Amino acid sequence: MEETAEGVEAGEKYVSIPQLAGVETLLSSEGKEIPLSSIEGKRTCLFFSAHWCRPCRNFTPKLIQIYWKLRNTGKNIEIIFISLDRDKISFLDYFKGMPWLSLPFDTGLRQKLCTQFDIEHIPALIPLSTMLSDGFRVEEDAVKLVEEYGVDSYPFGAKRRGELEGMDDARRQGGNLQQLLGCKERDYVISADGIKTPIFDLNGKTIGLYFGAHWCPPCRAFTKQLREVYDELKALRPGNFQVVFISMDRNEEEFQASLSAMPWFAIPYSDTTVQELSRIFTIKGIPTLLILGPDGKAFKTDGRRIISKYGATAFPFTESRAYEVEEVLKKERDSLPHRVRDHRHEHELELDMAKAYVCDECQQKGQNWVFSCKQCNFDLHPTCAQETTDVNI
């Protein structure tokens, strides 16, 4: 139903109490009948869910935890469960674990409500804002908001989302490492041996925020690459580069396994900052390496790609530095022959690009340009090849 009133924008959707339910009583999980009028004056949400729905079963415990936190801190909130279960037995079995109220199990009523509130998928959490004496304004589905912000998402709705996104923007762009990496209870990061280092000590450094997990094979491979770069920069530019691990591990044991292979810092496992950083920087997959400049602000670069391709030479891992390194590599390529023949190997060697290799002449590690045999595992540094080969352009 749509209506207008003083101070209310035209076109907003309102639902009066009789329209909301079509019944006079709600149910508690103990089976008691509760007058519908009990929701008046409360921040009320309709929870469309079903036990057969796996996303619903995953979301419900989170919602229960948030509900109790809000109630225990004096928030005047109520949730009304609207069951999409297939039968009454399933409804009762699912509802008995919920601390809030429910509409009676009625397949006709739920279909009407799904149509009324445009429910296309579950779980759905629809907040009702009290705006008029005889009705409620319907807000957008708050499931994603709750999953992203937890208890801070209260009192839900578009206005609260705008406030929270504004706070995220301020943390992302503010350049304050304590606000970004810390919280009220913690002003430090930890190392694998449990030593706590104040976040303040990271100020003025180039920092890599490394989102990864032990269960992820690409993460384990990239950790080795990142460690090589980290150790090289520690020797060449001591104190200029630091890494902070943001764990996407599934449990504390996996987190410790990840950290045991890392010489850098981490945010403690299960710290709320982990989820907040994933949200603030819109992390879509792992491994991801986000680079913060000495001013604490994020570069618009793909740290993983730059380090994988260029190594420590690309420090401080800006796009401009990556471009400079790429230009140097192109000039080196143009100054080298495309193919050479070496008396130490029977096949022709071709110029190629490699992230890492060991030269078969000097036995030293190399990266970038290499003269390599396509048939055998034989590699030469360009300098080693040029010193001892007959060159064929």
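**Entry 1: second largest pocket.** I began with the second largest pocket, which 17 residues line; Glu228, Lys355, Ala356, Gly366 and Gln367 lie nearest its centre. Helix 8 (217-236), helix 11 (303-310), strand 16 (349-358) and strand 17 (365-372) each give two or more residues to that lining. I noted its volume as about 390 Å³. By class, the lining of the second largest pocket divides into 6 nonpolar, 6 polar and 5 charged residues. Both domain 2 (175-315) and domain 3 (336-387) supply at least three residues each to it.

**Entry 2: terms and source.** The model is predicted: local features need pLDDT of at least 70, side-chain atom pairs count only at pLDDT 80 or more, and totals for chains, interfaces and linings use all residues. Residues are numbered from 1 along each chain as its sequence is written, and side-chain values use heavy atoms, with hydrogens and water left out. On a 1 Å grid over the protein atoms alone, a pocket is an open set of points with protein on both sides within 12 Å along at least five of seven lines, a cavity is a set where a 1.4 Å probe fits but cannot get out, and lining residues have an atom within 4 Å of a point. Points are joined across faces, edges and corners, and a volume is the space filled by probe spheres set on them. Ala, Val, Leu, Ile, Met, Phe, Trp, Tyr, Cys and Pro count as nonpolar, Asp, Glu, Lys and Arg as charged, and the others, Gly among them, as polar. Helices (H or I, at least four residues) and strands (E, at least two) are DSSP runs numbered from the N terminus.

**Entry 3: domains.** I looked up the domain assignment, which gives domain 1 (14-157), domain 2 (175-315) and domain 3 (336-387); such bounds come from an automatic or database assignment. The centres of domain 1 and domain 2, taken over C-alpha atoms, are 39 Å apart.

**Entry 4: largest pocket.** The largest pocket holds about 1,600 Å³ of space. Of its 44 lining residues, Glu148, Thr272, Gln275, Glu276 and Arg279 lie nearest the centre. Helix 2 (54-72), helix 5 (143-149), helix 6, helix 7 (177-181) and helix 10 each give two or more residues to the lining. I counted the classes as 13 nonpolar, 12 polar and 19 charged. Domain 1 and domain 2 each contribute at least three residues to this lining.

**Entry 5: helix 6 and helix 10.** How do the axes of helix 6 (residues 157-173) and helix 10 (residues 272-280) cross, and within what distance do they come? They come within 10 Å and cross at roughly 90°. Asp168, Arg171 and Arg172 of helix 6 make the contact with Thr273, Glu276, Arg279 and Ile280 of helix 10; contact means heavy atoms within 4.5 Å. By class, this contact has 1 nonpolar, 1 polar and 5 charged residues. Axes are lines fitted to C-alpha atoms, for helices over the stretch in contact, with angles from 0 to 180 degrees between N-to-C directions.

**Entry 6: cavity.** A search of the whole structure finds 1 cavity of 30 Å³ or more. The largest cavity has a volume of about 60 Å³. Among the residues that line it are Phe81, Leu103, Phe105 and Arg110.

**Entry 7: backbone.** A cis peptide bond joins Tyr154 and Pro155, with omega about 10°. Another cis bond joins Ile286 and Pro287, with omega about 0°.
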